[in-house]
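I opened my notebook beside the viewer and went through this one piece by piece. Here are the entries, in the order that made sense to me.

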Amino acid sequence: MGFTCGLIGLPNVGKSTLLNALSAAGAKVESYPFSTITTNIGVVDVPDERLDLLAALFPEKQKIPTQLQLLDIAGLVSGASAGEGLGNQFLAEIRTVDAILHVVRCFRDENVAHVTGELDPEGDIAIVNTELLLKDLETLQRTCATLSRQQKSGDRQIKTRFTLCQTLLETVARGSAIDIGEVDSDAEALIRELSLLTAKPVLYIANVDDNGKNEYSRRVEELGQRNGIRTITICGRIEAEIAEIAVTPLERKSYLTAWGLAESGLSQLIRASYDLLKLVTFFTIDGPEVRAWTVPQNTTAPIAAGKVHSDFANRFVQAEVMDVENLCQYKSVKTLREKGLIRRAGRDHIVQDGEIIHFICG
Ligand SMILES: Nc1nc2c(ncn2[C@@H]2O[C@H](COP(=O)(O)OP(=O)(O)OP(=O)(O)O)[C@@H](O)[C@H]2O)c(=O)[nH]1
Ligand SMILES: [Mg+2]
């Protein structure tokens, strides 16, 4: 399981509720703050219409979606970076995730305490962001101090690292998150090595009342737009209830319709997380399965082959590549072959999102 998103936010914003809605994790949900004290883990199937189309084309084969891992992390409060609440545990967990899903409370409910007293999406987001910044500040200060001592030895590499570290420290000390898209490859390596929290990709999740989008969720969206962060609006409680009572996808759909929800917010959320992680999906239709696989962007064909079977990476000779639309249109691999719609791809081929790949191994 390679890719992990972490649900973070203030206490009582609905993180565990969302995890339960997304997976059968059975996380404890309570109306008091800090009900989560140890991290809950859920595994989620990534919905994909293209896989559904392929499964319909090969009804005799088993459909296997690709998956994402989700962590539901303890809520944090102001002062977490200095150990308040479950602060340090929270921040240590965030280090391990590839992307952050920042849950923001946008629902009113007097039975559920709000840690700062009232609904304030911008303020809530700022509290969390400040704690992430303070933790990065501490990490960078500590690393800079160590490197500063070590560079006295005259080692060139250590000197370069020290300079990079200082630049990152200046950014964070100004109150700015680190933008991994803006730095060179050396700095990127250092950022990853130190697992800097503000450099991780983020998605906002506006957790709304039963009535859908509201004034608060729109404020989250506006803030997200200003910061280049995407927002997904979701009603965690309804989705969790539906997930609990609906057994089949059809049942789920009819409950969603009854609630006036066109598509599950959860599907949107999972797809958005997947985009956030810059992953691509490819499909295989060989053997008894139609299956979706996940690889990072810019993965070559032999590496992708190794994902399907560890042996394949070394034994890779070439690949045959088709498009889902073509296969759905002509309904058979044989016809695609006759029409010249199957491409041959060598070791340098970069796997593109949506390709159906047949690996030929020696
Ligand atoms: N009205 C309403 N209540 C919700 C919604 N989502 C969650 N809640 C309630 O809010 C309370 C807190 O939910 P949790 O999922 O435990 O919140 P959490 O963010 O995991 O909280 P901590 O673990 O304490 O950090 C519970 O009583 C939920 O039922 C929602 O969309 N609407
Ligand atoms: Mg919780």
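**Entry: the sheet**

In what order do the six strands of the open sheet lie? I looked that up before anything else, keeping in mind that this is a predicted model. The order I noted is 2-4-1-5-6-7, with mixed pairing. At the edges I found strand 2 (40-45) and strand 7 (231-234), each of which pairs on one side only. From one strand to the next, the twist averages 25 degrees.

**Entry: strand 7 and its neighbours**

Strand 6 (residues 202-208) runs parallel to strand 7, and four bridges join the two. I picked out two positions: A206 has T233 as its bridge partner, and I205 stands opposite I232.

Next I asked which strands helix 7 touches. Helix 7 (residues 215-227) packs on the sheet, and I listed strand 5 (99-106), strand 6 and strand 7 as its contacts. The direction of helix 7 makes about 170 degrees with that of strand 6.

**Entry: cysteines**

How many disulfides does the structure hold? I found zero. I took C106 as a case to follow up: the nearest cysteine sulfur belongs to C235 and is 11 Å away, and C106 is in no disulfide. C106 has 0% relative accessibility, so I marked it as buried. C328 also went down as buried, because its 18% relative accessibility is under the 20% cut-off.

**Entry: a helix pair**

Two packed helices are described by the angle between their axes and the distance between the axes. For helix 4 (residues 121-150) and helix 5 (residues 156-173), I noted an angle of about 155 degrees and axes 9 Å apart. Angles over 145 degrees count as roughly antiparallel, so that is my label for helix 4 and helix 5. Their crossing is left-handed.

I also went through the residues that make the contact. On helix 4 they include L133, L137, L140, C144 and L147. On helix 5, I noted I158, F162, C165, L169 and V172 among them.

A345 is the bridge partner of A319 in strand 11.

**Entry: positive phi**

Most residues other than glycine have a negative phi. I made a note of two residues that go the other way.

N12 has a positive phi, near 65 degrees. I located N12 in the loop between strand 1 (4-8) and helix 1 (15-22). Is N12 buried or exposed? Its relative accessible area is 9%, so N12 counts as buried.

S195 is not a glycine either, yet its phi is positive at about 50 degrees.

Key:
Residues are numbered from 1 along each chain as its sequence is written. Chains are lettered from A and ligands numbered from 1 in the order in which they are written. This is a predicted model: local features need pLDDT of at least 70, side-chain atom pairs count only at pLDDT 80 or more; totals for chains, interfaces and linings use all residues. Side-chain values use heavy atoms; hydrogens and water are left out. Two strands pair if DSSP finds at least two bridges between them. Axes are lines fitted to C-alpha atoms, for helices over the stretch in contact, and angles run from 0 to 180 degrees between N-to-C directions. Contact means heavy atoms within 4.5 Å. A disulfide is a pair of cysteine sulfur atoms within 2.5 Å. Buried means under 20% relative accessible area, exposed over 50%, partly exposed in between (1.4 Å probe, protein chains only). Angles under 35 degrees count as roughly parallel, over 145 as roughly antiparallel, 65 to 115 as roughly perpendicular and the rest as oblique. A crossing is left-handed if the near helix is turned anticlockwise from the far one by less than a right angle, and right-handed if clockwise.
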